[in-house]
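Biologist: Hi! Could you walk me through this structure?
Modeller: Happy to, here it comes.

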Amino acid sequence: MSDFEFGMQGLDHHLAPSTPGTAEEFAQSVIHAICRASVTPSVGRRTYERCMRALSFGSTSRLGLRHPGKADAIDWIWRERSRLYEEYLGSSDRLDYLASLPWVGPATKHSLARQLGCLVEHEHRAVA
């Protein structure tokens, strides 16, 4: 199985929350969360697919993402995935750890935590 196919297989992983079993799954979850932040689900999915395709060929995610800050963050997360995964597993506060990652903001950290199988209480929201 190619890295690209592995990345696309990882996309299915995002449909149901689960604890990542490998550094690659962890990095894919973080990258997926960054790609879908502030865009429609279909745009986020296509962006994720293009980024993973570029990374699987050893290229930069800038080929799949026009936002230079997000692309740099995705490249760094992919390059440092083993270290980041170990730090995540060893973290006493995983939500705070996720918030320390680049381009993972207040809303994204909760969404990402749910995808990674962390128990995060939903905040009460007013309904208009």
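Modeller: Let's begin with G117, which follows α7 and has a positive phi, near 85 degrees. A quick note: this is a predicted model, where local features need pLDDT of at least 70, side-chain atom pairs count only at pLDDT 80 or more, and totals for chains, interfaces and linings use all residues. Residues are numbered from 1 along each chain as its sequence is written, and side-chain values use heavy atoms, with hydrogens and water left out.

Biologist: Which residues of helix α7 are buried?
Modeller: In α7, residues 106-115, they are T108, K109, H110, L112, A113 and Q115. Buried means under 20% relative accessible area, exposed over 50%, and partly exposed in between, using a 1.4 Å probe and protein chains only. Helices are DSSP runs of H or I with at least four residues, strands are runs of E with at least two, and both are numbered from the N terminus.

Biologist: New topic: how many disulfides are there?
Modeller: The count is zero, where a disulfide is a pair of cysteine sulfur atoms within 2.5 Å.

Biologist: Is C51 buried or exposed?
Modeller: C51 is buried, at 0% relative accessibility. C35 is buried too, with a relative accessible area of 4%.

Biologist: Okay, where is S61?
Modeller: S61 sits in the loop between α3 (41-56) and α4 (68-79). S61 is buried, with a relative accessible area of 0%.

Biologist: What is S61 in contact with?
Modeller: Leaving aside neighbours within four places in sequence, S61 contacts C51, A54, L55, A71, I74 and D75. Contact means heavy atoms within 4.5 Å.
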